[in-house]
Amino acid sequence: MEAAGRKFYNSTGAEKECMQLLKDLGMNSIRLRAWVNPANGWNNTADVVAKSLRAKNLGMKIMIDFHYSDSWADPGKQNKPAAWATQDFATLKQSMSDYTSATLNTLKTNGIIPQWVQIGNETNDGMLWPDGKASTNMNNFAQLIKTGYAAVKAVDPSIKVIVHVSNGYDNSLFRWLFDGLKNNGADWDIIGMSLYPNASNYSTLNSQCLTNMNDMVARYNTEVMVVEVGMSWDQAAACNAFLTDLISKVNSVTNGKGLGVFYWEPESYNNWQGYTLGAFDNSGKPTVALNAFN
C-alpha cells in the first residue's frame, strides 16, 4: 500500500505511519505473513525482516505467519512453494525445516525474536497439499506440524507455536483436526482461530467461539488466540460491538488462556486489491470499529 502511494491518517486527518497509527489506537502486536518465494517480493524473508524491524522499533510484539507457499494459503488452497513442488515427503519436511530455521535465524540476527509463530495459515485440511492434506493423510500433516514446531523451538524455545484454523465457531472441525494431530504425536502451544461474521450473526458466532475456546482449553490444555477477525468496513458500529464483545469473551476464557485478538487487515481501505473487510474508511482514516482495541 505504501509503495502504491497509499497514506494513512488519524481521526483528525493528520498523516501517520501505519504501524504507529495502529499502536496509537491501542494495538500492541503486529502479525506478518511469510511467503517462500513470492512473484513480486512482498512477504519474502527480506520484506518480513524490514516490517518486523519497524514493529520492534515501536515496541510491538510480533507474530510470524508462515503460509509455506509462494502466495496465499487458506482452507481452499495450500499450494507448495514452486521450489518444493516435486520433492518427496522426506525432502519436503527438510525444506520446510530449513526455510523455517533460516527465516527465524535471519530475524534473530536482526535482534528480533517473535513472540509467536504460526505453522501454516488456516490449515483446516492440513497444508502443503497433497502430501499434508489432513483429510487424506492426518499423519503426514502431523509430521509437518512436528517439523515446524521443532524448527521454531531450536531457534528459541520461548517462541510460542500456533496451529491456525478458520471458522472459530465450528467446534466439530477443531475437535476433528486437533484430535487427529494429538493422536499422531504433534505438538503446539496455542490454537489460533479466524472469525469473520457480519452485523447480523456476530453475537451468535462469538458465543459459539467462546464455547469452542473453552473446549480447546479443557480438551488439550492449550492456550487459544483469535489471530484473524474482520467485518465489512462500512459496518463500523457493528464491527466495534463485535470486537468489544469478542475481546471480552477471549479475556474470560478459562484460567486466563485466551491470549488476544488480531484484526486482519485493518489498514486495508478504499477497496485495496478488492478487500473490503478492513477498518479504515475510504479517506484512509480508522473507523470507530478499532476503538475496541483502546
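Helices, of at least four residues, and strands, of at least two, are DSSP runs numbered from the N terminus. The model shown in these views is predicted.

View 1. Along the sequence, the elements follow the pattern α-β-α-β-α-β-α-β-α-β-α-β-α-β. The radius of gyration of the chain is 18 Å, close to the 19 Å that the globule rule gives for 294 residues, so the chain is as compact as a globular protein of that length. The C-alpha trace spans about 55 × 40 × 35 Å along its principal axes. Buried residues make up 55% of the 294 in the chain. Among contacts with a separation of 6 or more, 74% are between residues 24 or more positions apart. The chain has an accessible surface of about 11,900 Å², and carbon and sulfur atoms account for 47% of that surface.

**View 2. Strand β1 runs parallel to strand β2.** The two strands, β1 and β2 (residues 61–66), are joined by 6 bridges. One of the pairings places Asp 65 of β2 as the bridge partner of Arg 33. Between the strands the chain passes through helix α2 (residues 45–57), and this β-α-β crossover is right-handed. Strand β1 is mostly covered, with 6 of its 6 residues buried. Ser 29, Arg 31 and Arg 33 point one way from the strand, while Ile 30, Leu 32 and Ala 34 point the other way. Residues on both sides of β1 are buried.

**View 3. Ser 29 lies in strand β1 (residues 29–34).** With a relative accessible area of 11%, Ser 29 falls in the buried class. The cut-off for that class is under 20%. The side chain of Ser 29 makes a polar contact of 2.9 Å with the side chain of Asn 28. Beyond the residues up to four places away in sequence, Ser 29 touches Met 60, Lys 61, Trp 116 and Phe 262.

**View 4. Strand β4 pairs with both β3 and β5.** Strand β3 (residues 116–119) pairs with β4 in the parallel sense over 3 bridges, and Val 117 stands opposite Val 161 of β4. Strand β5 (residues 190–195) also pairs with β4 in the parallel sense, over 4 bridges. Here Ile 191 of β5 is the bridge partner of Val 163. Of the 6 residues of β4 (residues 160–165), 5 are buried, so this strand is largely enclosed by the rest of the structure.

**View 5. Lys 249 lies in helix α7 (residues 236–251).** Lys 249 is buried, with a relative accessible area of 15%. A polar contact of 2.8 Å links the side chain of Lys 249 to that of Asp 245. Apart from neighbours within four places in sequence, Lys 249 is in contact with Asn 206, Ser 207 and Leu 210. Asp 47 is 202 residues from Lys 249 along the chain, and the C-alpha atoms of the two are separated by 34 Å.

Conventions: Residues are numbered from 1 along each chain as its sequence is written. This is a predicted model: local features need pLDDT of at least 70, side-chain atom pairs count only at pLDDT 80 or more; totals for chains, interfaces and linings use all residues. Side-chain values use heavy atoms; hydrogens and water are left out. Buried means under 20% relative accessible area, exposed over 50%, partly exposed in between (1.4 Å probe, protein chains only). Two strands pair if DSSP finds at least two bridges between them. The radius of gyration is taken over C-alpha atoms; the globule rule is 2.2 Å times the number of residues to the power 0.38. Contact means heavy atoms within 4.5 Å. Accessible areas come from the Shrake-Rupley method with a 1.4 Å probe; for residues, only the protein chains shown count as cover. A polar contact is a pair of N or O atoms within 3.5 Å; within protein, one must be able to donate a hydrogen and the other to accept it, and residues adjacent in sequence count only if both atoms are side-chain atoms. A crossover is right-handed if, with the strands pointing away from the viewer, the path from the first strand over the helix to the second runs clockwise.
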